[in-house]
Amino acid sequence: MRNIRERAWECVWVYGLSLSVPLAMLSPVLRCEPVDGFPLTTYPMYSGAMGTTSRVHTILGITASGEQELLTPALIAGDPAVILAVRTTAAARSPERGLALCNTVAERIAADPDLRDRYVELLFLTERYNAPAYFLGAADPEAIKVHSRCPVPR
Amino acid sequence: MRAGEKSPQNALGDLGALSPLRSVDAWWRAPAPARRLAWVRVAVGLYTTLLLFGHVPALLRRSGFDPSRFAPVGLLTPLGAPPDPLALILITAFTLLGGLAFTLGWRYRHSAPLYAFTLLALTSYLNSWGHLSHALNLAVIQVLVLSLVPAADALSLDRRAGRTREGKGARYGWPLRLLMLTVVVSYSLAGIAKLSNGGWAWAKGDAIRNNVAHDALRKLRLGASISPFTAPILRQPWIFSLFAAGTLAVELGAAIAMRPGKLRRAWILGAWAMHLGILATMGISFWYPLTGVAFASFVPMERLFDRFLPKAWRR
């Protein structure tokens with residue numbers, strides 16, 4: 001009797017775990033609206049039918065002589081991971097958030113002794129490109145929309 | 001399977017009318033050596049512990065982020081605000097020690113589930129700042145599975161201390177198959193996402209070319225660098241048809257890896273080559289498959305590594 005009970009329990013454990021793990025992994029796509037999450041995911045990265053038009057949100061530093069220079073992900077998002085800079089700029093396109101982000105980045109620059117005298121102003125903007133064409137030589141943006149600009153504190 | 005060991009007694013052995021189920025049961029619970037599962041534990045434990053160690057600076061930097069950026073996922077979903085920095089440091093230190101205990105197989109029945117839980121909490125925290133990284137999911141799921149199965153019956157401090165012993169091979173076969181299944185489900189989901197979001201047109205290559213170009217462009221315009229191969233490859237559009245077809249073949253064909261033999265080896269090689277291609281074209285490193293650890297459950301690791309271990313350590 002004990003042997004049967006042990007075997008039954010073992011069977012429940014083996015197949016309970018063996019079925020619940022893959023079912024849990026499949027659960028994000030079994031919903032009416034698939035939901036990406038962690039650690040259960042739909043693995044949606046780069047799966048969309050994307051066109052050639054690419055909108056890039058970035059912050060540029062303006063030097064005293066008026067030149068525009070690229071900053072770094074660490075200055076923009078406070079972390080060297082570029083994807084966080086992508087998310088940070090994408091989430092800050094409203095006028096209030098845009099200005100707040102601009103000022104935050106300006107404060108980071110002002111706190112950096114190597115950079116604080118380099119830039120006088122920052123520009124938060126969205127540039128529109130034909131992305132594949134960019135790598136074939138068409139490096140100028142098709143359109144530019146400025147969200148906000150802010151001075152670098154002295 | 002050890003010499004002289006028979007196939008496991010079928011869990012459904014008394015149900016003669018259910019012979020297809022008995023066949024499935026016999027396949028799923030086919031015996032495997034305890035050391036094979038133990039090697040997977042060592043590989044996954046070492047990988048995740050080193051990965052976590054490498055992520056300590058990123059974890060600490062996040063504690064200085066503006067709390068309004070906190071968008072909790074996973075285990076942290078119920079939280080309304082980021083955890084206290086001191087709590088984060090303590091959990092990180094505890095998880096690193098847990099990773100060591102997991103890898104060495106010390107007090108495994110208790111330390112492994114604790115490690116899996118805290119690893120899930122920390123990786124949830126890493127992903128709770130507006131971006132979901134898909135490089136950690138499979139590793140975390142495999143740690144969760146390993147923490148619930150007898151993966152420290154060999155090659156462990158528990159075994160050396162006599163706290164555990166090797167059982168019959170049937171105890172170790174199904175966890176390995178379950179780990180393989182997690183890999184298969186992960187890749188299949190990625191393939192399904194491409195078909196449901198991009199349709200079969202995704203296979204033509206235009207979508208992936210545009211995605212690669214967009215990803216590289218935004219990196220450049222945010223002041224980051226890109227792979228030295230990205231620009232030259234983007235100037236050869238025909239390559240992306242091959243990439244797309246190969247990616248879909250690997251992802252949608254992942255189920256063939258459940259069957260041992262040449263097709264499994266070919267699939268593992270194909271999946272590894274796909275990640276190498278992603279690294280070359282996009283500079284995105286999926287280290288779990290690139291190091292081979294993601295595929296450890298498919299490989300008879302004990303045959304590969306036992307020869308390098310002194311006999312006294314093969315326990």
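Two exercises with worked solutions follow.

This is a predicted model, where local features need pLDDT of at least 70, side-chain atom pairs count only at pLDDT 80 or more, and totals for chains, interfaces and linings use all residues. Residues are numbered from 1 along each chain as its sequence is written, chains are lettered from A and ligands numbered from 1 in the order in which they are written, and side-chain values use heavy atoms, with hydrogens and water left out.

**Exercise 1.** Classify the aromatic pair formed by B:Phe102 and B:Tyr115: what are its distance and angle?

*Solution.* 
- Step 1: recall that Phe, Tyr and Trp rings (for Trp, the six-membered ring) pair if their centres lie within 6.5 Å, with planes under 30 degrees apart stacked, over 60 edge-to-face and the rest tilted.
- Step 2: the centres of B:Phe102 and B:Tyr115 are 5.2 Å apart with 50° between the planes, and the pair is tilted.
- Step 3: check accessibility; both B:Phe102 and B:Tyr115 are buried (under 20% relative accessible area, 1.4 Å probe, protein chains only).

**Exercise 2.** Describe how chain A and chain B meet: how many residues of each are in contact?

*Solution.* 
- Step 1: count contacts (heavy atoms within 4.5 Å); 60 residues of chain A touch 71 of chain B.
- Step 2: look for salt bridges (a Lys or Arg side-chain nitrogen within 4 Å of an Asp or Glu carboxyl oxygen); there are four between chain A and chain B.
- Step 3: find B:Arg62 and A:Asp79, whose side chains form a salt bridge at 3.4 Å, N to O.

Key. Buried means under 20% relative accessible area, exposed over 50%, partly exposed in between (1.4 Å probe, protein chains only).
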